[in-house]
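Look over the sequence and the model, then read the points below.

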Amino acid sequence: MYELALFSASLLESAGIKGVRLAIATPEEKPLQVFGTGLAEEVSELLAERDIEVVSGVHPLGVEGGLLNVVPQGEVEASAVVALPTHEGRAVEGIAHDSKGFVAVDEYCRVTETERLFAVGDVTTFPVKQGGIATQQADTAAALIAAEVGVEIDPIPFDPVLRAVLWTGKSPRYLHARIKGGKGETPFLSEEPTAKLSEAKIFGRYLTPFLASLGHE
């Protein structure tokens with residue numbers, strides 16, 4: 001949603017269109033708060049520079065008469081609204097899941113209270129849903145599976161690192177944070193890719209180099 005707003009602002013600017021108000025209504029207290037407070041402040045400054053308003057800490061309910069109704073209370077004037085989908089799990093018969101259909105896993109991505117069953121990606125109860133996180137979960141599960149069939153490898157528990165490219169309509173921003181408890185730690189934002197950051201939209205230890213090799217071919 002932040003990328004959509006930033007791209008819209010760039011298109012309006014390049015077309016010389018003035019007087020259009022862009023606003024984002026989000027449950028987050030700060031933009032991209034999952035990356036941590038410091039990085040969220042930098043993203044807030046970027047949005048402010050582009051005249052994009054952020055209405056934080058609210059949940060949209062619906063649109064009526066040119067107004068977006070939000071809770072706990074308030075309204076946002078809007079002639080057009082774009083809504084993002086909510087996260088919903090896909091309950092699979094025979095696999096334990098929570099009330100929303102998500103599957104709980106342990107530190108090695110093994111489905112809890114089961115044997116020889118693993119889950120990775122958006123279907124798990126891990127609160128951050130992102131392709132790069134899914135690849136890290138897959139690496140964790142694959143290492144344990146290999147070890148259990150006799151491969152000499154020391155499985156490492158899932159230790160998520162969140163990397164992302166924020167496309168802005170101008171120069172991209174590269175984001176990095178180590179996640180603990182669903183929130184970012186030691187985050188940083190860069191205008192250039194670094195050793196820890198990739199230009200790839202989805203970052204994975206094995207997936208990103210593989211996709212890059214296909215691109216070169």
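I52 touches A5, L6, A9, L22, I24 and L47, with residues up to four places away in sequence not counted. Contact here means heavy atoms within 4.5 Å. This is a predicted model, in which local features need pLDDT of at least 70, side-chain atom pairs count only at pLDDT 80 or more, and totals for chains, interfaces and linings use all residues. Residues are numbered from 1 along each chain as its sequence is written, and side-chain values use heavy atoms, leaving out hydrogens and water.

**Nonpolar cores**

- The largest nonpolar core holds 27 residues. Such a core is a set of buried Ala, Val, Leu, Ile, Met, Phe, Trp, Tyr and Cys residues joined through side-chain atoms within 4.5 Å.
- Buried means under 20% relative accessible area, exposed over 50%, and partly exposed in between (1.4 Å probe, protein chains only).
- L32, F35, I52, I133, L166 and L175 touch the most other members of the largest core.
- Two or more residues each come from α1 (2-14), β1 (22-26), α2 (37-49), α3 (131-148), β6 (161-166) and β7 (173-180). Helices (H or I, at least four residues) and strands (E, at least two) are DSSP runs, numbered from the N terminus.
- α1 gives the most to this core, with 5 residues.
- A second, separate core has 5 residues, including V55, V58, V70 and V76.
- In soluble globular proteins, nonpolar side chains tend to be buried together.

**The β3-β4-β5 sheet**

- An open sheet of 3 strands runs in the order β3-β4-β5, with antiparallel pairing. Two strands pair if DSSP finds at least two bridges between them.
- β3 (59-64) and β5 (75-77) are the edge strands, and each pairs on one side only.
- 5 bridges join β3 to β4. G62 stands opposite N69 in β4.
- β4 (residues 67-71) pairs with β5 over 3 bridges. L67 has E77 as its bridge partner in β5, and N69 stands opposite E75.

**Turns and faces**

- The hairpin of β3 and β4 has 2 residues between the strands, and G65 in the turn has a positive phi of about 60°.
- The hairpin of β4 and β5 has 3 residues between the strands, and G74 takes a positive phi near 130°.
- L68 and V70 make up the covered face of β4, while L67, N69 and V71 make up the uncovered one.
- In a regular strand the side chains alternate between the two faces of the sheet.
- V70 also belongs to the second core.
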